[in-house]
Amino acid sequence: MVNMSRFTHSYDLGEAVALYHSLRMKPVYLSKDAFRSLQAWLASSFCDKIENAPGEILVEVQELVKFKILTQTEDEDEKVLAFVRSKIPAPAVNVCYMIMSEQCNLACKYCFLGNNDCEKRSNFLLENMSTETADKAIDFFIRQIKASGMDHADNKPVLIFYGGEPMVNFRVLEHTAARVNELRKEEPCIRNIEMSMVTNGLLLDESKVRRLHELGVAIAISIDGFTEEANSMRVDIAGKPVFSRILDKLNMCKAVGVDVSLSVTLSEETIKNTKDILNLVDTYGVKAFGFNIMMSSDTFVLPQSYNEAAAQFIIDEFIELRERGIYEDRMMRKLKSFSKAQVYFSDCAATTGGQIVIAPNGQVGICHGCLHNKQYFVAHIDDDDFVAAEDKNFIEWAQLSPVNHEECMDCPALGICGGGCPVNAMHLKPGNTIHSIDERFCVHSKKTLEFFIRDLYRIITQEESAQPN
Ligand code: SF4
Ligand code: SF4
């Protein structure tokens with residue numbers, strides 16, 4: 001019997017219908033007439049074999065079978081799912097967040113690390129990372145890379161200096177980056193290591209920017225939007241706004257000739273206007289962006305409407321920015337998966353089991369979102385025998401893909417989603433765990449998929465109409 005796969009979803013495009021298998025990920029576009037004929041044939045008693053499809057839709061039916069949208073056997077869906085699950089990568093550490101300090105010079109009102117919360121803030125370590133700990137941390141990271149089987153010259157590991165605010169410990173950061181550059185000459189597995197720092201920017205000055213550039217440390221400055229108003233939640237410990245000071249820093253980086261990227265937390269105010277970002281691009285020459293959807297917490301609750309509006313904002317900005325040859329990270333990761341028709345298992349390095357986080361005191365964890373209580377901090381840099389790839393916690397996190405979630409099986413975005421943030425999911429409702437769904441993220445994934453399917457159809461039909469008759 002020929003049937004519609006359980007993973008097939010349809011999108012009404014006006015004069016056409018898109019049929020899409022959430023794991024095979026190749027949309028097939030049918031005219032409305034062809035779609036009606038297909039439905040009639042599937043409802044008839046003649047749909048036992050593809051060869052019996054009506055002549056006028058035989059080619060389409062073959063295409064639909066090729067992309068698994070139509071199944072020919074009862075167990076075909078289960079086989080596809082089992083195949084996809086078998087491809088979930090095993091944990092393999094290749095990303096390291098080094099927490100130079102858990103202290104921060106700001107107290108943003110939504111901070112997911114807990115800097116806006118006196119109780120969580122009081123849990124943060126007062127001591128910054130020392131040079132001795134930083135040296136051992138790098139050795140630990142290299143050991144994990146090697147133990148993960150990534151000991152080869154093509155490997156591209158990532159080291160991210162993070163906080164709190166990493167710049168409060170600039171001396172050790174500088175020492176660490178210089179040591180990494182020394183070690184890359186003798187350790188093939190870190191020859192191509194990429195270093196970056198996520199900072200609020202306030203402690204940058206000309207000499208530090210130049211030094212970071214010289215050391216090969218890329219600078220990502222976090223902001224909440226592109227106006228003073230949009231940044232009203234980004235305040236220093238005294239509660240004073242900092243946006244104008246950040247703009248001064250962007251000006252300074254531009255004058256020094258060092259490109260910076262922006263890590264933009266999408267505040268409710270930011271997503272009201274898509275034009276301000278273009279002003280920022282023009283004024284400061286920013287060429288790279290990453291958008292962060294805000295998380296709710298015990299002390300910061302977002303309205304339901306926020307998720308929908310933030311998802312739409314990311315799409316609208318994607319359309320505007322691509323005109324200028326600028327591509328935002330979050331959309332690009334999904335677009336890559338969609339255009340290559342490759343299932344995207346995880347949208348964060350922690351849920352690939354590929355990330356370690358090293359606290360200033362040498363404790364080793366999985367996610368920096370758990371710094372305030374050190375949940376899932378399961379090792380220490382002095383544990384010579386620890387292998388993250390064999391640790392049960394890392395293995396558990398590496399399986400947190402939507403393709404393993406029963407609740408996700410009927411979701412059209414299953415293949416491009418990668419899941420949200422398990423830490424956010426854990427805090428969404430009482431009783432939740434890292435295995436719960438980060439619903440905030442679902443709206444973004446589903447809307448993005450629909451946008452890709454419609455946008456591809458627009459491109460195809462435009463190309464067709466541009467063909468000479
Ligand atoms: S689990 Fe959440 S907070 Fe942790 S790294 Fe992933 S996305 Fe970030
Ligand atoms: S996490 Fe949400 S969007 Fe992603 S696959 Fe599951 S239900 Fe769909």
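1. Let's start with ligand 1. Around ligand 1 are Cys-348, Ala-350, Cys-367, Gly-369, Cys-421, Pro-422 and Val-423; a residue is near a molecule if its C-beta atom, placed from the backbone, lies within 6 Å of it. This shell has six nonpolar, one polar and no charged residues, where Ala, Val, Leu, Ile, Met, Phe, Trp, Tyr, Cys and Pro count as nonpolar, Asp, Glu, Lys and Arg as charged, and the others, Gly among them, as polar.

2. A word on reading the model: it is predicted, local features need pLDDT of at least 70, side-chain atom pairs count only at pLDDT 80 or more, and totals for chains, interfaces and linings use all residues. Residues are numbered from 1 along each chain as its sequence is written, while chains are lettered from A and ligands numbered from 1 in the order in which they are written.

3. Ligand 2 comes next. The residues surrounding ligand 2 include His-405, Cys-408, Cys-411, Cys-417, Cys-442 and Lys-446. Helix H15 (439-466) and helix H13 (414-417) each give two or more residues to this shell, and H15 gives the most, with three; helices are DSSP runs (H or I, at least four residues), numbered from the N terminus. By class, the shell around ligand 2 has eight nonpolar, three polar and one charged residues.

4. Now to Ile-99. Leaving aside neighbours within four places in sequence, Ile-99 is in contact with residues including Met-129, Tyr-162, Ile-358, His-368 and Leu-371 (contact: C-beta atoms, placed from the backbone, within 7 Å).

5. Finally, an automatic or database domain assignment divides the chain into domain 1 (3-86) and domain 2 (95-391). Taken over C-alpha atoms, their centres are 42 Å apart.

Note on methods. Contact = placed C-beta atoms within 7 Å.
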